Amino acid sequence: MNELREKAKDLLQSGTVKVIIGYTGTSDPYRTKPFIARTAEDADKLVFNNYCVNNLAVYLTRKEYKQNGIVGIVAKGCDVKAIIQLIQENQINKDDIYIIGINCNAQVQELGKEFGSETIATKCLNCFVRTPRLQHTLIGTINELPKREDVHLEKLKKLESMTSEERWEFWEKEFERCVKCYACRQVCPLCFCDRCIADKSIPQWIESSAHKRGNFSWNIIRAFHLSGRCIGCNECERACPSDIPLSLLNRKMGMFARKEFDYAAGMSLDAPTLVGSYNTNDRQDFIK
Amino acid sequence: MDEKLINAENLSLLVSDLLNEKHLVICQDEKAVGWKSINDAGKLVINNAGVPSNISYKEFILPKTEPIFFFKNEKENFNLVEKDPADQKMIFIGAKPCDARSIEIMSKVFNWDYKDKFFNKRAENSIVIGVACSYQDEFCFCTSVGLSPVTEKGSDIFLIPLNEENYALRIVTDKGKEFIKSYEKYFSDGNTGASKAVLEKINIPAKKFDTLKVKEWITNNFENKLFDEAGSICIGCGQCAFACPVCHCFDIIDEECSYTCGRRMKNWDACQFGQFTLHSSGHNPRNNQSKRYRQRIAHKFKYYHDKFEEILCTGCGRCSRGCPVGIDIAKVAEEINLSANQA
Amino acid sequence: MCSTNIYKPELMEIKDIIDETADTKTFRLQFKDNEAAKNFKFRAGQFGEYSVFGEGESTFCIASSPTRSQFIECSFKQVGKVTSSLRKLSIGDTIGFRGPYGNYFPVEEMKGKNVLFIAGGIGLAPVRCIIWNVLDLRTEFKDITIVYGARSFSDLVYKRELKEWKERKDIKTVVTVDPGGEVPDWDGEIGFVPSIVEKTAPGSENTIAIICGPPIMIKFTIPVLQKLGFKDENIITTLENRMKCGVGKCGRCNVGNVYVCKDGPVFSYAQIKELPQEY
C-alpha cells in the first residue's frame, strides 16, 4: 500500500499527472470505492487490496479528463484490458494516461464479504493478466490464489446443452427482472457512447419500457454491441440489482470471438479491433 | 390496541386462504433480490432478520412500466381506451418498517392536486403486513429519518416475531381491522407483555444525522462543492432510484402495438440519468453528475419535505448497498450535518 | 376517489395551420367533444401537453387568448421527435391535448396600469395570449406598448398580427430585426431588442412589463428595464423546462423546490432571482 501511496504522491506533486483515479477504503474493511486523488493528501487515502472490484477505466472516457492533463489510473489486469481496448478503439490516447499497474491477487465476487476461497471472484480463478499487459509503473507482487470451481463455466455448459427454445425461455425469464436502470451500461468501460442507442428517440430503436419486449431488446442489443469488445470484468453483473447473470452472455460472446475469429479483446494495443476490421480470410460458413 | 397471536402454521393456512380467494400475496423472494407474488403458502418468506431485498416492492404499486391508455387510429379518428389496474387485493407480507411506509409517503405527491388513479387504485387495494425488523448493517439509517425497526406506522397489520413459530400481531389501521375480520379463526388472543419484551430486545440504532439540519443546509448551500465528491464517481445509473421504495419520478412515452394502434406508457425514470432534464434545444440545466446528485439529495431531504412534510427516504439503505461505486447516502447526509454544525 | 385519468388527453381537430417561419407553425385547434369544449376554461399564460399519438407529447403554452373561446392555438418550433411529427400533420388531423396547466399572467393586477410587452423570436407565442387578452379588454388597461424582435424578417412570427397591432391607434407597436436581418422595404426598427427597448424608453411608472424570449435576450433586457425604473416584482417572465406529466408528479421540471409546471411557468423577476441556478 505504501508503495502505491508514495508513487501516487510523487506523480501528483511532480505534476506528471493531474489526477489519479484509484480506490479508497470505507468504514467496512471488506469494501472500497472509487476515489479521485488530486493532492498529495488525497494520495494517502489510496488503497489496493482484494476489495478493489471497480473497473476504473470507466472514468477515462469522461469529458472532464479529455485534454485536461495526464490522468493517472490505478489499474489491475482486467482494467488494463479495458484500457487497451479503448486505445484500440481510439477513445483514449495512450499518451494521455499514466497507468499505475498492480500485480493483482484477485478480488472478491461480492463486496462486504471477507476474501477467501469461497468468496474469490469467478473471473479471477483463471486470470492470465495478473500482471497488467500495459503500465507505466508496476506495484506489488504476485501471490498464489485460493482455488474454487468455476461456477460460471458450469452454468455456461448447461446453457450450451439446451435447445435454442430452452435458452430463449431461460433468458426471457432472467430479463423479466430487468428494471432498465442501465447500471450494466454505466459501469462498463466499453459502453462509452455519448448517446447510447437505447437513448435515441428518432427513431426509438430500443424501447425504454421495462416490459418483456423492452428488456429483451435492450439486453440482447447490449450483448451484441459488446461482442468482441467485452474484456470480462463482470462489473455489469455485479452492478445489476436484479441479479441477472450477464457475465454468462458476455463470456459466451467472448468465447465465440476467440474461437471463430481468433480475437480476444484488450490484449494487443496494435491489433485491429474485431468488429472494426475486415479480414478476407474470415470464415463465413456459420452465417446461415 | 388489539393484540393477537398467530403461529407459523396458521399463518400458512391464512396465506393459502388468501391465494384461494384469488388475492395476490406478495413477499420477498428467497434470494432477497426483489419481491414477488407467490402461488403457494410454502413459498412465504418473512425476512425480519435479513438484509432488505435489493429492490423494494414499489413495482406493485407503481409498476416499472404501465400503459396509461391505448390509442387506435380508426377512420381518421383516435379511439382512446384505458385499462384500469386490476381490482385485486395485494397483500404484502413481511414489510420492514422502512418498506411499509413507502405507500403513504408516495401517496402525497400522487394526490396533492390532480389524483393519479393508477397509483390510488393500487394503494387502495394494498394491505401491508409489516414486521418488526431485527436486522441492521452499516447502510441502514431508518432512525435518522423518523422511523425505527419497530415503527408500526405504514403497516395495516404489524407482526412481531416472538420466536421461531409464533408472531404477535397488532392491528394498526382500520383497513387492517377490516381485513383481519375474515380470518379470525387463525388468531388467538395475545398479550402485550410477550411482544413488549421482544421489542425491547431489538436494537434501535442511533441517529446518524438530523434531517432538519440537513434540509436547512441544503436551502442555504445550493452551490456547495460537497456534491462534487459524489458527482466525481457517480456513474449516472438508476440503481438508487429504482431500488428505492419511495423514488417515484417517471417518464411518459408512446409505444407501438401495431401499425395503427399503440399505447402511452408511464415508466420509471431517474434524476441521475443524463437525459432526465435535457431540453430538445440541447440545453441541460443539470449538465453534470454533481448537479444531478445534488438534485437527488435536495429532492429527498428538502423539496419533498417543503411540500408534503415528509422526508422522501425511509432509511432502508438499498441505494447505498447496491451502488456500484459505493456512494452512501447516509454518509453524504452525515457530511452535510457536520458541515451544518461547523457553520 | 377520483376516477379520471389525468394522463389521458382530450382529442382536438386541427382547424387551421399557419406557417409562421421556416421551422415554426401555428395550429388552431378545436375540441372534438362538445362537452369538453364547453367546459374548457383557461387563463393567459397556462400551457398544455399536446400529443401526436404514437410519437409522444410536447409542452407548449396556449398561444390564444381566453377571451376567444371557440378554439385554442399553439405555436411550435421543430426541435425534436414530437414537433417534427406535428409538422407533418394536416388540417383535419387529430391530436391530443391535456391542460390547462400551470399558473397564469396576473391580468387582474395589470388592470388600470400600463403594460409593456417585450418578446423575442418564438417568445412572442406565450406573450401573444396575454396581448390579445389585454387588447380584447382594452379599456381596462392604460397605455400598451409592444416591443418585438427577431433575428431576421423571416424569423418574425405572427406577421399578420404585427401588422394589425401596428395599424391600431390605441397601442404602440415597435417591431425590430437584428442588424442584417431586414428586407428591402423594411419600415420597422433595426437593432437588438434590449437596445430598442432602451430607445423606446417606455415609462416604468405604474407599468407592468411582460418579457419572453431567448435567455440571452432576457439577460440583456432586464438591466435596461431596471435602469428605466422597473421594479423586479413588476417584471414578469416565463420559464420553460423539460416536462412530461405537467401536473407536478414526474419530478422533472423543478428548479430548486419550485415546479415550473405548477408554480410556473409565469414568474416575476423578483421570484426568479430567488431561484437556484438550475434552469
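1. In this predicted model, strand 11 and strand 12 (residues 261-268) of chain B are paired in the antiparallel sense, with 7 bridges between them. One position can be checked directly: B:Ile252 has B:Lys266 in strand 12 of chain B as its bridge partner.

2. The pair belongs to an open sheet of chain B with 4 strands in the order 5-4-12-11 and antiparallel pairing. Strand 5 (77-81) and strand 11 (250-256) of chain B are the edge strands; each has a single partner strand, so one side of each has no neighbour in the sheet. On average, neighbouring strands of this sheet are turned by 25 degrees against each other, direction ignored. As background, strands of a sheet pair through backbone hydrogen bonds, in either a parallel or an antiparallel arrangement.

3. Also in chain B, the axes of helix 8 (residues 211-220) and helix 13 (residues 329-342) come within 9 Å and cross at roughly 75 degrees. An angle of 65 to 115 degrees counts as roughly perpendicular, and helix 8 and helix 13 of chain B are therefore roughly perpendicular to each other. Helix 8 of chain B contributes B:Lys213, B:Val214, B:Glu216 and B:Trp217 to the contact, while helix 13 of chain B contributes B:Ala333, B:Ile336, B:Asn337, B:Ser339 and B:Ala340. By class, the residues of this helix contact are 5 nonpolar, 2 polar and 2 charged.

4. Between chains, 27 residues of chain A are in contact with 28 residues of chain B. On the chain A side, the elements that give two or more residues are strand 2 (32-37), helix 6 (183-187) and helix 8 (235-239) of chain A. The residues on that side comprise 11 nonpolar, 8 polar and 8 charged.

5. Chain A is divided into domain 1 (2-139) and domain 2 (151-261). The C-alpha centres of these two domains of chain A are 25 Å apart. Their contact draws 14 residues from domain 1 of chain A and 14 residues from domain 2 of chain A. The side of domain 1 of chain A that touches domain 2 of chain A has 6 nonpolar, 6 polar and 2 charged residues.

6. Chain C is divided into domain 1 (10-101) and domain 2 (107-238). Here the C-alpha centres of domain 1 of chain C and domain 2 of chain C lie 24 Å apart. In the contact, 15 residues of domain 1 of chain C meet 15 residues of domain 2 of chain C. The side of domain 1 of chain C that touches domain 2 of chain C divides into 6 nonpolar, 7 polar and 2 charged residues.

How values were computed: Residues numbered from 1 in each chain as written. Chains lettered and ligands numbered in written order. Predicted model: local features only at pLDDT ≥ 70, side-chain atom pairs only at ≥ 80, totals over all residues. Domains from an automatic or database assignment. Contact = placed C-beta atoms within 7 Å. Nonpolar A, V, L, I, M, F, W, Y, C, P; charged D, E, K, R; others polar. Axes fitted to C-alpha atoms, helices over the stretch in contact; angles between N-to-C directions. Parallel < 35°, antiparallel > 145°, perpendicular 65-115°, else oblique. Pairing = 2+ DSSP bridges.
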